[in-house]
Amino acid sequence: MKKMTINKLFAVSVLALAITGCASDGGVTEDAAMVDESQTQEVAASPEMDMVNTEEAQVSNPLLDQTTIYFGYDRAEILPEFKDVLNAHAEFLVENPQSNIIFEGHCDERGTIEYNLALGERRANTVKSYLIVQGVNPSQLESVSFGEERPASFGSDEMTWSKNRRAEIRYSSAMVQNQIGDNQ
Amino acid sequence: MSLRYWCIAFIFFSAFTRAELTIEITQGIASAIPIAVVPMQWQGKPLPESVDEIIRSDLERSGHFGILAPDDMLSHPASEEELYFRDWRLLKQDYLVISSIKSIAKGQYQVRYQLFDVFNERELLAQTLSANTNQLRDIGHRISDAIYEQLTGIRGAFSTKIAYVTTNRTRTQFNLAIADSDGAREKVVMSSKYSIFSPSWSPDGKRLAYVLLEDSGSKVYVQDIATGKKQLVSAHKGINSAPAFSPDGNKLALVLSKDGNPEIYVVDLNTRHWLRVTNHYAIDTEPNWMPDGDHLLFTSGRSGNPQIYRVSLVSGFIERITFDGNYNARARLAQDGRFLVMVHQSAKGEPFHIASMDLSRGLLQILTSDTFLDESPSVSPNGVMVMYAAKYNKRSILAAVSVDGDVRFLVPSKSGDVREPAWGPYID
């Protein structure tokens with residue numbers, strides 16, 4: 001079952017390369033309760049999530065401060081410059097099996113709301129798949145799409161759009177949805 | 001006279017109702033029919049609504065009529081006895097509407113109107129209607145519908161409703177609202193801090209399905225408009241979105257990604273039986289029913305970029321519909337399936353516009369050009385007008401264009417952004 005799941009993940013990742021293009025820039029709604037002071041990216045937070053204090057662990061790896069992965073227009077594949085960051089989060093999760101991550105997929109505003117909802121999910125899933133390939137237990141991972149609805153920055157220009165094509169990494173100690181196994 | 005109807009910004013504002021939306025007409029057809037709607041005769045304190053003003057605005061918004069301003073009229077007849085056709089031929093009017101209103105009881109009115117062919121000096125329509133104070137706007141729209149149908153042969157849609165979502169600039173508050181087709185009498189039916197989108201009317205006009213994008217993900221709800229009671233229809237793992245009522249109102253087509261990636265499903269709202277319609281690793285979304293209830297149009301990325309496809313619910317056979325352009329999505333049918341309207345991008349990097357496609361000839365025509373980032377087209381129930389959302393002066397507004405592209409108007413909200421219009425059905 002696991003092996004089949006991984007192959008399916010590869011297939012999804014490869015196919016995700018062919019399609020993507022979330023567009024839209026928006027303002028941040030709330031700051032995540034991420035405990036890293038040196039956090040450079042703003043993250044949209046869910047008030048219902050319990051935030052894990054990961055400060056001690058993160059002091060040892062500053063890459064964990066980075067919780068936003070950006071994407072090219074119409075793309076969902078992980079750009080090479082983000083692989084180190086993702087590897088760091090993967091390593092953390094492997095060493096901390098009680099920690100969980102929710103990946104949020106986002107798009108820029110171009111294109112339809114529904115198609116962008118689907119593309120946002122593709123981005124979140126691509127990042128999730130990558131972490132599973134790095135050895136993270138799928139039960140520690142969850143993904144959700146917000147399409148173009150929760151932009152990090154508002155505006156209709158290339159700069160704004162590029163800031164909204166993203167996946168956010170959010171740590172929590174409780175999963176949002178009840179998930180028995182991972183069929184992604 | 002023809003200059004008046006080209007590129008005129010005509011602001012219609014309902015002074016007596018708390019209308020969020022206003023109308024700006026930006027283009028009418030060059031061969032607009034000149035019609036004069038004489039101010040309605042009334043004796044008494046000012047009425048809360050001007051019925052004749054509603055008729056003039058409706059007909060002007062259709063783009064097919066050139067409306068004579070009351071100040072330019074030589075006389076204001078209210079009955080046939082007072083009517084001199086010569087006056088109206090002088091003003092080059094083809095048609096004339098005269099009317100009167102009287103009170104028959106407290107809060108009860110009787111409206112009488114007549115439509116005349118000026119050149120032939122012939123009465124075409126005459127009706128007497130009664131209404132209470134709250135129905136004066138409805139009477140105006142009913143008269144507009146009758147005049148429009150009499151003169152164009154097409155059923156009017158002035159009495160229909162539109163649903164849409166309004167939001168503040170920072171996207172922290174969303175309202176799902178219903179208003180008259182002219183933007184008046186807006187009523188908020190759902191308010192949330194979460195994004196609301198994809199409203200879909202049931203065919204009887206009594207329910208709205210929509211997506212609520214909660215922190216845990218997107219969910220599909222169906223809400224009874226009269227009672228406000230809402231019912232959760234789909235909250236599976238992953239995406240639950242793009243609801244569309246079937247023509248008989250018993251089923252909802254929607255998109256779920258619970259089985260790995262976004263696919264189209266149909267759920268029977270009575271039996272809660274689920275049918276999976278698509279099975280492909282690409283994104284499949286935005287289902288829209290064809291009038292036979294056996295086919296769905298949908299958007300799929302299976303050829304590399306979003307295009308429109310049609311699937312038979314009976315055989316499962318899938319056929320590609322659009323081949324022109326880099327991106328075609330969110331198809332909606334017009335004129336009983338003869339035309340499609342959709343969001344269209346001709347090439348990568350080009351603007352997103354609304355396009356229509358004649359299904360029998362396969363020809364695609366781009367309808368919009370003044371606005372950009374056009375999306376969510378919705379067709380009026382008489383198949384003539386397309387309302388859509390667009391970016392205009394950095395705000396999201398509603399705009400409308402006729403299916404042949406000749407008539408255009410904007411519906412800007414006084415504050416915030418307006419999106420996701422859904423034109424309501426005829427309610428019999």
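Predicted model: local features only at pLDDT ≥ 70, side-chain atom pairs only at ≥ 80, totals over all residues.
Of the 184 residues in chain A, 59% are buried. Among the contacts in chain A with a separation of 6 or more, 78% are between residues 24 or more positions apart.

Chain A meets chain B through 36 residues of its own, which are in contact with 51 residues of chain B. The size of an interface is often given as the accessible area lost when the parts come together. Here chain B and chain A bury about 3,600 Å² between them, with 55% of that area on carbon and sulfur atoms. On the side of chain B, the residues that lose the most area to chain A are Asp215(B), Lys237(B) and Ile283(B), which together account for 20% of what that side buries.

The polar side of the interface can be described in the same way. Between chain B and chain A there are five salt bridges, and twelve residue pairs are in polar contact, both residues being at pLDDT 80 or more. The residues of chain B that touch chain A comprise 17 nonpolar, 18 polar and 16 charged ones. A salt bridge joins the side chains of Glu149(A) and Arg419(B), with 2.9 Å from N to O.

Most residues other than glycine have a negative phi, and most peptide bonds are trans. Glu420(B) is also buried, with a relative accessible area of 3%. Ala242(B), in strand β15 (residues 240–245), likewise is not a glycine and has a positive phi of about 55 degrees; its relative accessible area is 6%, so Ala242(B) too is buried.

Another arginine of chain B, Arg395(B), is found in strand β29 (residues 395–402), and a polar atom of its side chain lies 2.8 Å from the backbone oxygen of Gly416(B). Although Arg395(B) and Arg169(B) are 226 residues apart along the chain, their C-alpha atoms are separated by 8.3 Å.

What remains is the nonpolar interior. In soluble globular proteins, nonpolar side chains tend to be buried together. The largest nonpolar core has 58 residues, of which Val233(B), Leu252(B), Leu254(B), Leu296(B) and Ile354(B) touch the most other members. Apart from this core lies another, of 43 residues, which includes Val37(B), Leu115(B), Val411(B) and Trp423(B). Once neighbours within four places in sequence are left aside, the contacts of Leu252(B) include Val220(B), Val222(B), Val233(B), Pro243(B), Val267(B) and Trp289(B).

Technical notes:
Residues numbered from 1 in each chain as written. Chains lettered and ligands numbered in written order. Heavy atoms only, no water. Contact = heavy atoms within 4.5 Å. Buried area = accessible area lost by both parts, 1.4 Å probe. Salt bridge = Lys/Arg side-chain N within 4 Å of Asp/Glu carboxyl O. Polar contact = N/O pair within 3.5 Å; in protein donor to acceptor, adjacent residues only side chain to side chain. Nonpolar A, V, L, I, M, F, W, Y, C, P; charged D, E, K, R; others polar. Helix = DSSP H or I, 4+ residues; strand = E, 2+ residues; numbered from the N terminus. Buried < 20%, exposed > 50% of the residue type's maximum accessible area, 1.4 Å probe, protein only. Core = buried A, V, L, I, M, F, W, Y, C linked by side-chain atoms within 4.5 Å.
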